[in-house]
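Thanks for coming, everyone. I have a structure to walk you through, so please look at the screen.

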Amino acid sequence: MPPSETSPSVAVARLGEIEPGETKKFMLSVEGRETECFLVHYAGQYFAYINRCAHVPMTMDWIDNQFLTEDGRYILCATHGAAFEPNTGECIFGPPCGKFLVRVPLTIDGDRILAGQPIENEARD
Ligand code: FES
């Protein structure tokens, strides 16, 4: 059965619920396991990733739901300070430099933001 039939997209937020530069955590069933993810409102768009660093598989928020640097420019990992681009999930500084966070695909349906199934080994060329 295709993933879309076993794991339909789920609403994780409403448009306007998260201010620019803010984030929101949500749970998503990924391969049958409840997995913590987060949504980020950055540069006028929404992006979402599994809350798991590309270096060591640990959560990244340094305080609950605090993912961004003070200037809102990067997603920061609390453990070793790696910085990731909010719009691509690529690490541009720190131990996992060049690696990516696992992206959660989003779609907008009316005023709802829907999360689909993450793509663990998505090609990044
Ligand atoms: S666990 Fe995130 S940089 Fe090491």
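**A walk through the chain**

Read along the sequence, this chain runs α-β-β-β-β-β-β-β-β-β. That is one helix and nine strands. Please keep in mind that this is a predicted model.

Overall dimensions next. The C-alpha atoms fill a box of roughly 40 × 30 × 30 Å along the principal axes. For 125 residues, a compact globule would have a radius of gyration near 14 Å. The chain has 14 Å, so the two agree. Buried residues make up 26% of the 125 residues. Now the contacts between residues at least 6 apart in sequence: 42% of them join residues at least 24 apart.

Let's zoom in on one pair. Strand β2, residues 23–30, pairs with β3 in the antiparallel sense over eight bridges. Lys24 stands opposite Leu39 in β3. Leu28 has Thr35 of β3 as its bridge partner. The two strands form a hairpin, with two residues between them. Look at Glu31 in that turn: its phi is positive, about 50°. As background, strands of a sheet pair through backbone hydrogen bonds, either parallel or antiparallel.

There is another open sheet of three strands. Its order is β5-β6-β7, again with antiparallel pairing. Here β5 and β7 are at the edges. Each of them has a single partner strand, so one side of each lacks a neighbour in the sheet. Strand β6 covers residues 83–84 and pairs with β7 over two bridges, in the antiparallel sense. Across from Phe84 is Cys91 in β7.

Now the inside. In soluble globular proteins, nonpolar side chains tend to be buried together. How many residues does the largest nonpolar core have? It has 26. Cys37, Ala48 and Tyr49 have the most contacts inside this core. Four strands each supply at least two of its residues: β3 (33–42), β4 (45–50), β5 (75–76) and β9 (112–115). The largest share, five residues, comes from β3.

Stay with Cys37 for a moment. Leaving out residues up to four places away in sequence, Cys37 touches Phe26, Leu28, Ala48, Tyr49, Ile50, Asn51, Val104 and Ala115.

One more residue: Val102. You will find Val102 in the loop between β7 and β8 (106–109). Is Val102 buried, exposed or partly exposed? Buried would take 20 or more other C-beta atoms within 10 Å. Val102 has 19, so it counts as partly exposed. Its contacts, again leaving out residues up to four places away, are Tyr49, Ile50, Arg52, Pro118 and Glu120. Tyr49 and Ile50 are also touched by Cys37. Leu68 is 34 residues from Val102 along the chain, and their C-alpha atoms are separated by 17 Å.

Over to you for questions.

Terms used:
Residues numbered from 1 in each chain as written. Predicted model: local features only at pLDDT ≥ 70, side-chain atom pairs only at ≥ 80, totals over all residues. Core = buried A, V, L, I, M, F, W, Y, C linked by C-beta atoms within 7 Å. Buried ≥ 20, exposed ≤ 12 C-beta atoms within 10 Å, placed from the backbone. Contact = placed C-beta atoms within 7 Å. Pairing = 2+ DSSP bridges. Rg over C-alpha atoms; globule rule 2.2 N^0.38 Å.
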